Amino acid sequence: MGRPVSEPELPPVLTGPHAPVNVAEFHALAKAKLTPMVYGYFSSGADDQQTLQDNEEGFRRLRFRPRVLIDVSNADMMTEVLGVKISFPLVVAPTAMQRMAHPEGELATARAVAKAGTVMGLSSWSTTALEDVEAEAPGSPKWFQLYVYKDREVTKQLVMRAEAAGYKAIALTVDTPRLGRREADIKNQFNLPPHLTMGNFAMLKQANMENDGGSGLAAYVASLIDRSLSWKDIQWLKSITKMPILAKGVVTAEDAVLAVENGCAGIIVSNHGARQLDGVISTIDALEEVVNAVQGKVPVFVDSGVRRGTDIVKALALGAKACLIGRPVVWGLSVAGEQGITYVLDMLKKEFELAMSLCGCVKVSDINRSMVIRDAFAPYDVRRTLPPSKA
């Protein structure tokens, strides 16, 4: 038998007294390392960035009501999403152009997410082809994020490639008929660095991404995305793939009902990381409305603003099946590649386990609506936020 493969040593940035201990510290390290253009692309929101701030503040407006004197010596964090068991209720959200953050980009992410035992979402604007990402972590569950393009044959080919490669679901972005106005990209004259490519679009002529008075990326995408996308297109997608379709970008009960009626297998409550319509409701504030609207018919997920393991517990208490994170993964990737992502995911998992235990939960299904209240220090009747008593 060969010698066991040892884990590589952690880079100095992840060891010693100055090692990051939370996502915010990873964010600071990533900001110092990335170029202003790349950092601006990953970090910024639309317009005045009100929603960017509110996505995180929304979680802070929730307070716990923990239960005590419960044996939590054997906490079980495992859960199931779309028939796949994962190590804890966190999925890695699709995030574009990850090779701008680190040379290994999506490949490093795939390895780290497989090691963590959860699902990776791959952006269709990945800087690595979807087949190469699957080959890097074969068999580990992955979702493919999709925009619908004017050329439906391009869209169809992407879907067919994802299905052939073994991806488990399509995360259809429904909130982006046009790109939001991201002022950091405008100021920085964002362009995909010349040594990188859009990995899933090798069959297309690379578009001119020169600045045109707005974001170069916006000009590129505007030439491809179909603004006429509507609910009827869900049926078309269902006709070309057996993969379940998740509607990513729903924040209202009305659209949640339509998503179910049109055959979506799940909903991701998302405002695109606050990069689309500024002033839109935070995702954690929209979550419960969507959960109540679907009445358990499909699972509901939530992204945007998750920065702590406590945030995951809060989201599950409001009815989410799992949370998705994007920027924290990019910060880990920027700081230390695969090891940085592993560190971030492990850190959030430990925070989640501690929060679960301190709330008196032994397993994920123990997390329930009675555990959180909103605006605990505001002058209002707390009873209005609790489920009706069965007594």
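This is a predicted model: local features need pLDDT of at least 70, side-chain atom pairs count only at pLDDT 80 or more; totals for chains, interfaces and linings use all residues.
Local features need pLDDT of at least 70 and side-chain atom pairs count only at pLDDT 80 or more, while totals for chains, interfaces and linings use all residues. Residues are numbered from 1 along each chain as its sequence is written, and side-chain values use heavy atoms, with hydrogens and water left out.

**View 1. Ser-270 in its loop.** Here we zoom in on Ser-270, found in the loop between strand E9 (266-269) and helix H11 (283-294). Helices (H or I, at least four residues) and strands (E, at least two) are DSSP runs, numbered from the N terminus. Ser-270 counts as buried because its relative accessibility is 1%; buried means under 20% relative accessible area, exposed over 50%, and partly exposed in between (1.4 Å probe, protein chains only). The side chain of Ser-270 makes a polar contact of 2.8 Å with the side chain of Asp-303. A polar atom of the Ser-270 side chain also sits 3.0 Å from the backbone nitrogen of His-272. For the record, a polar contact is a pair of N or O atoms within 3.5 Å; within protein, one must be able to donate a hydrogen and the other to accept it, and residues adjacent in sequence count only if both atoms are side-chain atoms. Leaving aside residues up to four places away in sequence, Ser-270 touches several others, among them Asp-175, Lys-248 and Thr-283 (contact means heavy atoms within 4.5 Å).

**View 2. Strand E6, covered on both faces.** In E6 (residues 142-146), 5 of its 5 residues are buried. Lys-142, Phe-144 and Leu-146 take one side, with Trp-143 and Gln-145 on the other.

**View 3. E6 and its partner strands.** Strand E5 (residues 120-122) runs parallel to E6, joined by 3 bridges, and Leu-122 stands opposite Phe-144. The chain gets from E5 to E6 through helix H5 (residues 130-136), in a right-handed β-α-β crossover. Strand E7 (residues 169-173) is also parallel to E6, with 4 bridges, and Trp-143 faces Ala-169 across that pairing. E6, helix H6 (residues 152-165) and E7 form a right-handed β-α-β unit. Right-handed here means that, with the strands pointing away from the viewer, the path from the first strand over the helix to the second runs clockwise.

View 4. The structure has 0 disulfides, a disulfide being a pair of cysteine sulfur atoms within 2.5 Å. Cys-323 is buried, at 0% relative accessible area. Cys-359 is in no disulfide, and its nearest cysteine sulfur, from Cys-361, is 5.8 Å away. Cys-359 is buried too, at 5%.

Key: Two strands pair if DSSP finds at least two bridges between them.
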